[in-house]
Amino acid sequence: MSISENVRHVHQKMKQAYEKTEQNKQVQLIGVTKSVSSEVAAELLEAGVTALGENRPEGLADKQAALGRTACEWHFIGTLQTRKVRQVIDRIDVLHSLDRLHLAEEINKRAKQPVDCFVQVNVSGEESKQGIHPTDIHSFLHEVGQYPMIRVIGLMTMAPLTEDEQTIRSVFRSLRHLRDEVAARHLPHAPCTELSMGMSSDYEIAIEEGATYVRVGTVLVQR
Ligand SMILES: *Cc1c(COP(=O)(O)O)cnc(C)c1O
């Protein structure tokens with residue numbers, strides 16, 4: 001299939017999943033281009049994708065050099081090393097991986113304007129996964145309140161490595177409940193209305209469970 005057929009296919013699947021929900025908020029598709037060239041990224045934009053995701057500062061810089069900073073929304077989806085914050089922070093629209101206080105502090109120091117962030121949550125508790133433990137989320141958000149350059153727009157997670165749909169679904173559902181809890185507190189620095197969850201293998205499940213942003217790479221870029 002061509003890139004534009006992939007995009008059409010994913011949009012259609014997203015719509016079908018969305019129609020099963022009672023949600024009234026549109027779901028945003030982030031095309032993850034970390035493993036492809038700028039040419040492929042350009043094809044995604046031509047096919048109607050409006051947001052791209054990269055997980056390394058170098059990848060982000062390359063794509064922006066080729067496509068232009070204003071070609072689309074730019075989302076940083078990978079672990080961000082503290083020493084690379086300066087390189088990245090004013091080039092992105094959304095950070096999906098705020099996972100430690102020290103990172104918030106560094107962003108606060110470097111950013112020229114407030115940054116929309118997702119707090120990454122390790123819902124499944126796997127050792128290998130980045131993210132704040134669910135029981136620590138409220139204290140983490142309290143601490144983040146001291147940094148005026150951080151605006152927490154939502155929570156992000158990665159599903160565990162399993163094919164078991166019920167397990168994946170329950171992780172996404174837990175994140176939604178946590179998001180609802182935080183949103184109900186109406187923290188000025190953390191409106192927390194969004195949910196970033198779902199990748200190529202599970203974006204439909206994620207949408208059924210309330211995702212407002214899905215991060216999809218493989219199924220969009222494969223030929
Ligand atoms: C690579 C990546 C994705 C996209 O994964 P695919 O399985 O290729 O769709 C989404 N989110 C994060 C954090 C990633 O690193």
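**Reading a serine and a helix pair**

Modeller: Let's start with a detail: a polar atom of the Ser-200 side chain lies 3.3 Å from the backbone nitrogen of Thr-218. That's a polar contact, meaning a pair of N or O atoms within 3.5 Å; within protein, one must be able to donate a hydrogen and the other to accept it, and residues adjacent in sequence count only if both atoms are side-chain atoms. This is a predicted model, where local features need pLDDT of at least 70, side-chain atom pairs count only at pLDDT 80 or more, and totals for chains, interfaces and linings use all residues. Residues are numbered from 1 along each chain as its sequence is written, and side-chain values use heavy atoms, with hydrogens and water left out.

Biologist: Which other backbone nitrogen lies 3.1 Å from a polar atom of the Ser-200 side chain?

Modeller: The one of Val-219.

Biologist: Is Ser-200 buried or exposed?

Modeller: Buried means under 20% relative accessible area, exposed over 50%, partly exposed in between (1.4 Å probe, protein chains only). Ser-200 has 19%, so Ser-200 is buried.

Biologist: And how do I read a pair of helices?

Modeller: Two packed helices are described by the angle between their axes and the distance between the axes. Axes are lines fitted to C-alpha atoms, for helices over the stretch in contact, with angles running from 0 to 180 degrees between N-to-C directions. Helices here are DSSP runs (H or I, at least four residues), numbered from the N terminus. The axes of α2 (residues 38-46) and α3 (residues 57-67) come within 10 Å and cross at roughly 60°.

Biologist: Which residues meet there?

Modeller: Ser-38, Ala-41, Ala-42 and Leu-45 in α2 meet Asp-62, Lys-63, Ala-66 and Leu-67 in α3.

Notes: Helices (H or I, at least four residues) and strands (E, at least two) are DSSP runs, numbered from the N terminus. Contact means heavy atoms within 4.5 Å.
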